[in-house]
Amino acid sequence: MMSDENEMTYARFDSIEGLLQRGHGLGVVRAMQDPPMAAPFVYEGVRHDWRYDGTDHRARYLAGLVRDLNLPLAPVVALLAGDEGQSRRAVDVLELLALDGNNEAREALRSHVREGAHWVYVLESISDAWPLEWWEDLGGVARARIGGEPELPWLDEPWTRFGIEIERSDPGPAAHDLSGLADSELLDVLAGTRPEACSRVEALRELSRRDPVEGLIPLVPSLVIAGGDRPLPLLRQAVRHLGPSAVPAARSWAEDEREWLALLGSDVLADHLGPEVLPALVAELAGQWRARAWCGPDATANRLVRFGPAAAETVPGLRRFWLHTPHSYERAAYLAAWVAIDPDGVGPTLTESLWDGQEQVRLLGITHAPDRPETLERIAALRDDPMEAPGVRAGAQARLATTATAATPCSP
């Protein structure tokens, strides 16, 4: 995400430009209806990073657009020589297109290894994404060019395969192996009565790997960093691991004057209490929309799932976030909540989600989209797409197998 002074301005959420910037499935559907009009926006998606956050996905989305709209590759190939960000986005798109059988994309990346400025990154990237036989013959090029680089590479592959020395990073002090400590000993570390064993953060990490240890609960208010205004790293994760056993203490935490503890207590209550917390979640989602808070409403949406149709009044808010947010990673939470709350009304959005840029959104569409010929055709295309994520391909295969089984009449 960009800083406030360089805040990105997105096009309208319902325009093709805005849909493509956000990675929306509807953007692909509309782009395929008018490829010449959409083409500049697709190329702009490679030239400029429209992801709101580094967790957002775009490479497979953009590669699919280039392929399905049958767009010329030259504008993408030209970006290999751009700045570092442009070059890396172009690499991500081209290496996927190569996996789809596009020889022009494959040769463009191999050519950049031979002659381009960003050749080190390109070679590292394709060696991770492509079959060995597609890049192993570039070893001679790598050995010839590496001497001109100011620094040695850091990754093992492909350099050690080519006999090229790499820079070994200092891993720092080894983490303590705490698996041999009893739960009580870890609690002593957190309480400060066993400081020689390990850091309190390491103790929290180990507790999060075990069955819930309720002895952690009374220590929570004291587990702060120096200064006392923020919790220790991993404390929230450790408390979440406790599940509903933390609810009684969370009631008092939620009333504490310390902001971080009050927020932690409120979150525990929202995660585990019943219908009594629903009005607060409804108000929270509305407040997040008024503030245009693009980071965080996914947590609210995740908490709404368990209420199902009882949370029907939140559907308009979930739909607004689904349509408007530039933070595409969070769309999966809005869609999952919408499915749980209003399964009959979300059908068209689920179908559209089969083209979405986010893997988890496509998986939701695969699982829940209505059985219609166009839907099943799209799911079959996802199953057979060599650019697609393995989890999506497996999910598509499972959905089609289930559909085929359901459609087969019983034997007499």
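**Entry 1: a serine in a loop**

Where is the place of Ser353? I found Ser353 in the loop between α19 (347-352) and α20 (359-368). Before going further, I noted that this is a predicted model.

I then listed the contacts of Ser353, leaving aside neighbours within four places in sequence: Trp322, Leu335, Val361, Arg362 and Gly365. I also looked up one C-alpha separation: Ser353 and Ala311 are 42 residues apart along the chain, and 22 Å lies between their C-alpha atoms.

**Entry 2: an aspartate in the loop between α19 and α20**

Asp356 is also placed in the loop between α19 and α20. Its relative accessibility is 1%, and being under 20% is what makes a residue buried, so Asp356 goes into my notes as buried. Which residues touch Asp356, once its neighbours within four places in sequence are left aside? I got Gly23, His24, Gly25, Tyr61, Trp322, Arg331, Val361 and Arg362. Trp322, Val361 and Arg362 turn up in the contact list of Ser353 and in that of Asp356.

**Entry 3: a glutamate in a helix**

I moved on to Glu206, which sits in helix α11 (residues 200-207). At 8% relative accessibility, Glu206 counts as buried. Leaving aside neighbours within four places in sequence, I saw Glu206 in contact with Leu178, Ser179 and Leu186.

**Entry 4: α6 against α7**

Time for some helix pairs. A pair of packed helices is described by the angle between the axes and the distance between them, so I looked up both. At what angle do α6 and α7 pack? Helix α6 (residues 84-99) and helix α7 (residues 103-115) pack at about 130 degrees, and their axes are 7 Å apart. That angle is why I call α6 oblique to α7. The crossing of α6 past α7 is left-handed.

From α6, the residues making the contact are Val91, Leu94, Glu95, Leu97 and Ala98; α7 brings Ala105, Arg106 and Leu109. Sorted by class, this contact of α6 with α7 has six nonpolar and two charged residues, and no polar ones.

**Entry 5: α3 against α4**

How do the axes of α3 and α4 cross? For helix α3 (residues 35-47) and helix α4 (residues 59-68), the axes cross at roughly 145 degrees and come within 10 Å. Here α3 passes α4 in a left-handed crossing. I noted Val42, Gly45 and Val46 on the α3 side, with Leu62, Leu65 and Val66 on the α4 side. The class count for α3 with α4 is five nonpolar, one polar and no charged residues.

**Entry 6: an enclosed helix**

How many residues of helix α8 (residues 119-129) are buried? I count eight of the eleven, so α8 is largely enclosed by the rest of the structure. The buried ones are Trp119, Val120, Val122, Leu123, Glu124, Ser125, Ile126 and Ser127. They pack against α6, α7 and α9 (139-145).

**Entry 7: confidence**

Last, I checked the pLDDT. The protein has a mean pLDDT of 93, with 94% of its residues at 70 or more. Over residues 1-6, though, the pLDDT is below 50, and this stretch has four contacts in the model beyond near neighbours in sequence. Where pLDDT is low, the predicted coordinates should not be read in detail.

Terms used:
Residues are numbered from 1 along each chain as its sequence is written. This is a predicted model: local features need pLDDT of at least 70, side-chain atom pairs count only at pLDDT 80 or more; totals for chains, interfaces and linings use all residues. Side-chain values use heavy atoms; hydrogens and water are left out. Axes are lines fitted to C-alpha atoms, for helices over the stretch in contact, and angles run from 0 to 180 degrees between N-to-C directions. Helices (H or I, at least four residues) and strands (E, at least two) are DSSP runs, numbered from the N terminus. Angles under 35 degrees count as roughly parallel, over 145 as roughly antiparallel, 65 to 115 as roughly perpendicular and the rest as oblique. A crossing is left-handed if the near helix is turned anticlockwise from the far one by less than a right angle, and right-handed if clockwise. Contact means heavy atoms within 4.5 Å. Ala, Val, Leu, Ile, Met, Phe, Trp, Tyr, Cys and Pro count as nonpolar, Asp, Glu, Lys and Arg as charged, and the others, Gly among them, as polar. pLDDT is the predictor's confidence in each residue, from 0 to 100. Buried means under 20% relative accessible area, exposed over 50%, partly exposed in between (1.4 Å probe, protein chains only).
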